[in-house]
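Have the sequence and the 3D view open as you read.

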Amino acid sequence: MANYKALYQEVILDHNRKPRNYGKLEHASHHANGQNPLCGDHISVGLNLKGECVDGIAFQGESCAICKASASMMTSAVKGKSRADAEILIQEFLAMATGKLDLDSPNHIGRLAVFAGVRDLPTRVKCAILPWHTLHAAFNSVASASTEAGEDAMHAPIGNA
Ligand code: ZN
């Protein structure tokens, strides 16, 4: 567990120093803004779908370290993936962050597993999942997402995508 925490801190620091895919994507085909009022995080995610493939993706905004690192890793993880595969990853990440994913069963989480610990930090869960909700909103052409939307509104559409 000690190694795991050290890795978590190292990854968060690294992605804050050098966030991947940070900036504005010109001519994004899909775009959404997300906010987490509890922490003050607000980010925007823009992406370009070429056919069903995420050809380009970028994010920007003002957020805490956990949110920024999560967004940075998310954009790296879904770039080049099909929309369907990206939606599966969104679902798995949300399940992991809320303690509902069994990491020992087959999944696509990979390095994103460094965020598994946030499930024990209720105030940080929303920071970690905000980018993923925002990406989901962008895919579905919903202009904005909030971690404070109703539970049903946040989770219902994801399983049916
Ligand atoms: Zn935050």
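How many residues lie between strand 2 and strand 3 in their hairpin? There are two residues between them, and Gly 51 in the turn has a positive phi of about 65°. Please keep in mind that this is a predicted model.

Strand 2 covers residues 41-50 and strand 3 covers residues 53-62; they pair in the antiparallel sense over nine bridges. Within this pairing, Leu 49 stands opposite Val 54 in strand 3.

Next comes the metal site. The zinc ion has protein donors at 2.2 to 2.6 Å, as set out here.

| Donor residue | Donor atom |
|---|---|
| Cys 39 | SG |

Helix 3 (residues 83-97) packs with helix 4 (residues 122-139) at an angle of about 155°, and their axes are 10 Å apart. Because of that angle, helix 3 is roughly antiparallel to helix 4. The crossing of the two helices is left-handed. On the helix 3 side the contact includes Leu 89, Ile 90 and Phe 93, and on the helix 4 side it includes Ile 129, Trp 132 and Leu 135. The contact residues divide into twelve nonpolar, two polar and two charged.

Methods: Residues numbered from 1 in each chain as written. Predicted model: local features only at pLDDT ≥ 70, side-chain atom pairs only at ≥ 80, totals over all residues. Heavy atoms only, no water. Axes fitted to C-alpha atoms, helices over the stretch in contact; angles between N-to-C directions. Helix = DSSP H or I, 4+ residues; strand = E, 2+ residues; numbered from the N terminus. Parallel < 35°, antiparallel > 145°, perpendicular 65-115°, else oblique. Left-handed = near helix turned anticlockwise from the far one by under 90°. Contact = heavy atoms within 4.5 Å. Nonpolar A, V, L, I, M, F, W, Y, C, P; charged D, E, K, R; others polar. Pairing = 2+ DSSP bridges. Donors = N, O, S within 2.8 Å, 3.2 Å for Na, K, Ca; no water.
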